[in-house]
Amino acid sequence: MDTLELTKEWDKVFPKSDKVNHSKVTFRNRYGITLAADMYTPKNAEGKLAAIAVCGPFGAVKEQSSGLYAQTMAERGFLSIAFDPSYTGESSGEPRYVASPDINTEDFCAAVDFLSICDNVDSERIGIIGICGWGSMAINAAAIDTRIKATIASTMYDMSRVNANGYFDSMDAGQRYELRKQLNAQRTIDAKNGSYELGGGVADPLPEDAPWFVKEYYGYYKTARGYHKRSLNSNGGWNKTSALSFINMPLLSYSDEIRSAVLLIHGEKAHSRYFSEDAFKKLRGDNKELMIIPGATHVDLYDNKANMIPYDRIEHFFRENLKKDKE
């Protein structure tokens, strides 16, 4: 566990809070990849605190949405970290810009490793937040890691489902076969070139006939609102062949065995709402909840520009499920 000295100016897309202390930290996952994170600690905090690890959205970096969530939760009394996933941002891993259902689930577990041995963290009171595509990774982590006592998935994408079936499950087996052929042909091209071709981030310039949710992504990732130089969605995007492993590995296979608390948050008007609704149907137990935010779209839960992120409910959820006397 290493603590890095903060030597550069604030580089987030959201304002710095005067209620928390900020520092840079790193930790390693069990695949040997060094993950970079921003730690937010409540000022004047004493004793061992409940802690939260945050990641997402898919294609974003810790200086964007996850950092905002983490800083806000620190303002509310939790020690929080926002981390860059393996192969992205300031985290290590080669080749760059590749995603993996296994390794990215492990990233959450590695964050729990890190928090569990922090001197000012109560290791029995750790929760996680996954945003967008990292919502499905967070739920997958909760299914495997019993140290995680509470999980929130905000504006979730099921990354396995969307890659295997397309949006709104529009892809059939024949189309999926053609997609596999394209992706494997790309592997041959990459092998010949000795490098990995990127898929491109959010379309820029934006086509006039782009779906409205793509226009929303543009409004966040490609404008001053959310642009960041290390964000994949703001720039060159993911390695083109990243989809292959998601097609073959359903992320939520064991979500019905999660015994800890889970809160799914989604916008009423989000194109992705069905991911959370269907994921919720599979969860078991009386400590699972689906919260639909009236009028909210998918990107409304990336930042609080529309005042849609239910921070009060998020705080209450973690306070209830990360109590000192909670079993």
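**Pocket, then helix pair**

I looked up the largest pocket, and its volume comes to about 900 Å³. I am working from a predicted model, so noted here once.

I went through the lining next. The largest pocket is lined by 30 residues. Nearest its centre I find Phe58, Met159, Asn163, Tyr167 and Trp238. Of the elements, α6 gives the most, with four residues. I sorted the lining by class and got 19 nonpolar, 10 polar and one charged.

I moved on to helix α2 (residues 101–116) and helix α3 (residues 133–144). How far apart are their axes, and at what angle do the two pack? I read 8 Å between the axes and an angle of about 70 degrees. I have the crossing of α2 and α3 down as right-handed.

I listed the residues that meet. From α2 they are Pro101, Asn104, Thr105, Phe108 and Cys109. Facing them from α3 are Trp134, Met137, Ala138, Asn140, Ala141 and Ile144. By class, I count eight nonpolar and three polar residues in the contact of α2 with α3, and no charged ones.

Technical notes. Residues are numbered from 1 along each chain as its sequence is written. This is a predicted model: local features need pLDDT of at least 70, side-chain atom pairs count only at pLDDT 80 or more; totals for chains, interfaces and linings use all residues. Side-chain values use heavy atoms; hydrogens and water are left out. Axes are lines fitted to C-alpha atoms, for helices over the stretch in contact, and angles run from 0 to 180 degrees between N-to-C directions. A crossing is left-handed if the near helix is turned anticlockwise from the far one by less than a right angle, and right-handed if clockwise. Contact means heavy atoms within 4.5 Å. Ala, Val, Leu, Ile, Met, Phe, Trp, Tyr, Cys and Pro count as nonpolar, Asp, Glu, Lys and Arg as charged, and the others, Gly among them, as polar. On a 1 Å grid over the protein atoms alone, a cavity is a set of points where a 1.4 Å probe fits but cannot get out, and a pocket is an open set with protein on both sides within 12 Å along at least five of seven lines; lining residues have an atom within 4 Å of a point. Grid points are joined across faces, edges and corners, and a volume is the space filled by probe spheres set on the points.
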